[in-house]
Amino acid sequence: MESAIKISHEHLTNIFKSSIFTDTLEKCANNTYKDGVETGFEIRQDIYSDNFFLCKISKGNCDSMAGCQTKFLGNWNDKMFLGSYTLIYVHFHPYSKETIIPSDFDLLGIRDGFNDIIYKEEKPYKYETRSIDGIARINERKNIDVLLIQPKQRDYFIDKISMELGRYFDTQKRDREIIKILKNNNLNADLISYKRKNSIYTLENENKLKKFSFSPKFKEFSDQ
Ligand SMILES: [Zn+2]
């Protein structure tokens, strides 16, 4: 069996700095800023090569992306879909001034992103893929922050995290306190920022992407 391609720091940097990514991020930000609803998009990664694919922007409602389906951009075919997995899923929360706090729906999605099913010659294979979830906000100066979260294991206690995050709902909370709670609960987490200069978004802290690198691991043949 071919081995899965490692998701290196360099590969993640290429994606997060690519114009296809930053342009889509900007479109989502503008939609959310204007309409006050969540918007998001997915990057799918081919399991056996460096190729990655952008999916269409989807629109949620004012407090979740519930019910949103992945729709594909460009010349998609089943083979590209079946041989790839969700590497990055970014969505914007509409409350631009507030600290980014993952909802229970987000935490469930992050947990489910730990594994994915890849098809090869119509056979399903289960891989540990550790999808990266990005929850984003745009502020008044039109800069964009993205809280990145990645599961370190399949099971963690969503109720416990939710309760710990909930303590901060009615207070002035800080991003670093949220990141600390997530890290203490077996999640990888950090905040990256895009600064807007001359209408172009530039990633400020690409070194933070290093801790999100991983190698997809083959788990089992699956009948899912
Ligand atoms: Zn969310």
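## Overall make-up

The protein chain carries 6 helices and 11 strands. Keep in mind that this is a predicted model. Of the 224 residues in the protein chain, 33% count as buried.

What share of the contacts with a separation of 6 or more comes from residues 24 or more positions apart? In this protein chain, the figure is 70%.

In soluble globular proteins, nonpolar side chains tend to end up buried together. Here, the largest nonpolar core takes in 45 residues, and Leu25, Ile144 and Leu148 have the most contacts inside it. As for secondary structure, strand β4, spanning residues 84-92, gives the most to this core: 6 residues.

Let's zoom in on Leu148. Leaving aside residues up to four places away in sequence, Leu148 touches Ile132 and Gly134, then Ala189, Asp190 and Ile192, and also Phe212.

## A three-stranded sheet

Strands of a sheet pair through backbone hydrogen bonds, in either a parallel or an antiparallel way. Which way does the β5-β6-β11 sheet go? These 3 strands pair antiparallel, in that order, and the sheet they form is open. At its edges sit β5 (115-120) and β11 (217-221), each pairing on one side only. From one strand to the next, the twist averages 35 degrees.

Notes. Residues are numbered from 1 along each chain as its sequence is written. This is a predicted model: local features need pLDDT of at least 70, side-chain atom pairs count only at pLDDT 80 or more; totals for chains, interfaces and linings use all residues. A nonpolar core is a set of buried Ala, Val, Leu, Ile, Met, Phe, Trp, Tyr and Cys residues joined through C-beta atoms within 7 Å. A residue is buried if 20 or more other C-beta atoms lie within 10 Å of its own, exposed if 12 or fewer, and partly exposed in between; C-beta atoms are placed from the backbone. Helices (H or I, at least four residues) and strands (E, at least two) are DSSP runs, numbered from the N terminus. Two residues are in contact if their C-beta atoms, placed from the backbone, lie within 7 Å. Two strands pair if DSSP finds at least two bridges between them. Axes are lines fitted to C-alpha atoms, for helices over the stretch in contact, and angles run from 0 to 180 degrees between N-to-C directions.
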